[in-house]
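Hi,

Here is the structure I said I'd pass on. Have a look at it first, then read my notes below.

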Amino acid sequence: MAGRGRLYREDESPGRSPFQRDRDRVIHASAFRRLTYKTQVFIPHEGDHYRTRLTHSLEVAQIARTIARQLGLDEDLAETLALAHDLGHPPFGHAGERALDRAMAGHGGFDHNAQSLAVVTRLEKKYARFDGLNLTWETLEGLVKHNGPLLGTQAAKGSPVDSTILAYDRRHPLALDLFPSAEAQIAALADDIAYHNHDLDDGLRAGLITLEDVAEVNLTERFMAEVAVTHGDLTGPRVIYEVNRRLITAMVADIVAETGRRIATQQPASADDIRSSSEAVAAFSTPLFAELKDLRDFLFARVWRHERVMRVMRSAEAVVSDLMQRYRDDRNALPEHWREQAWVLPEPERQRTILDYVAGMTDRFAIAEHRRLFDATPDLG
């Protein structure tokens, strides 16, 4: 797929496509490595077998690439967007995001998609000629429009666009009023597939739900019945793995069929036709989308909002809030490099710099910093 290039002109790689090059730059980024110790649902030190942001991103990439291949799309772009989509997530997952959003209430709030853009355009500092990774336009577009258009009639109502995205768009316009590429839409759907399935697995592993609970959901009950017919009295983790693999296969097949139907109806002649469409070109079918909502509601009530998870997340929010406040009140609490950056800036740029520091932390580093700066640290065990 022909692309629109990079903000800073570079000679093309002799052995890699532009999107393969983007993928490699993401994988070699410091922010990507830090995903190893960033929470998905369960804090990493709770167990070695739970998903982290890194393993989640790898699962999303595998699913996105599979769907893109079946649809004849650019696999490398889909994979790159999947690998990069959570680079801006703070420590402790959505708990950290909530804490940072509150802390930045008077300074534009916090959005992890906007923070991903900040990571790849400003915060990674390794190249001689530019800050960031100098990724292609298509990759940047897909990152900021992970959930669809941000402006115009197709944008989600009541969701203001983050100032970080608007500032970058003035410099390097990303067509915020249009849909992203089909590959970006596929990466977003692959994200949905991955977290619904692996959160079922992790929820069972943690003892928050049982197989009997899972059988209450129509979508998963259907596959549990199929597993019972095929394998008889299968027990333990083998059951949910057999359910997950069938569910993932069915969800991928549904997206491929529905997206193929929409492509046949819309008949786009170019990637820009997909961007300017009146609806997304990649989607679940209406029946599966409804079943997926039931599964999401189940996970929300029984896993994501389980009291054991929420107790840990409340403590995690307190850690992040405490760190933001301490760094604001005491410039000497920041490392020298970050202190030199932050305290020469006016408001709100200073607050944004402190935010960048905290958002980049891993869970374990945030806990260590809290212990360094405070007499008592919440128990996140």
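**What I found**

The lining of the largest pocket has 21 nonpolar, 13 polar and eleven charged residues (Ala, Val, Leu, Ile, Met, Phe, Trp, Tyr, Cys and Pro count as nonpolar, Asp, Glu, Lys and Arg as charged, and the others, Gly among them, as polar). Before you go on: this is a predicted model, where local features need pLDDT of at least 70 and side-chain atom pairs count only at pLDDT 80 or more, while totals for chains, interfaces and linings use all residues. Residues are numbered from 1 along each chain as its sequence is written, and side-chain values use heavy atoms, leaving out hydrogens and water.

Back to that pocket (an open set of points on a 1 Å grid where a 1.4 Å probe fits, with protein on both sides within 12 Å along at least five of seven lines; lining residues have an atom within 4 Å of a point). His94, Asn147, Asp191, Asp192 and Tyr195 are the closest to its centre, out of 45 lining residues. Helix α9 gives the largest share of the lining, eight residues (helices are DSSP runs of H or I, at least four residues, numbered from the N terminus).

Now find α6 (residues 112-123). Its axis comes within 8 Å of that of α7 (residues 137-144), and the two cross at roughly 155° (axes are lines fitted to C-alpha atoms over the stretch in contact, and angles run from 0 to 180 degrees between N-to-C directions). So α6 and α7 are roughly antiparallel (over 145 degrees).

Methods. Parallel < 35°, antiparallel > 145°, perpendicular 65-115°, else oblique.
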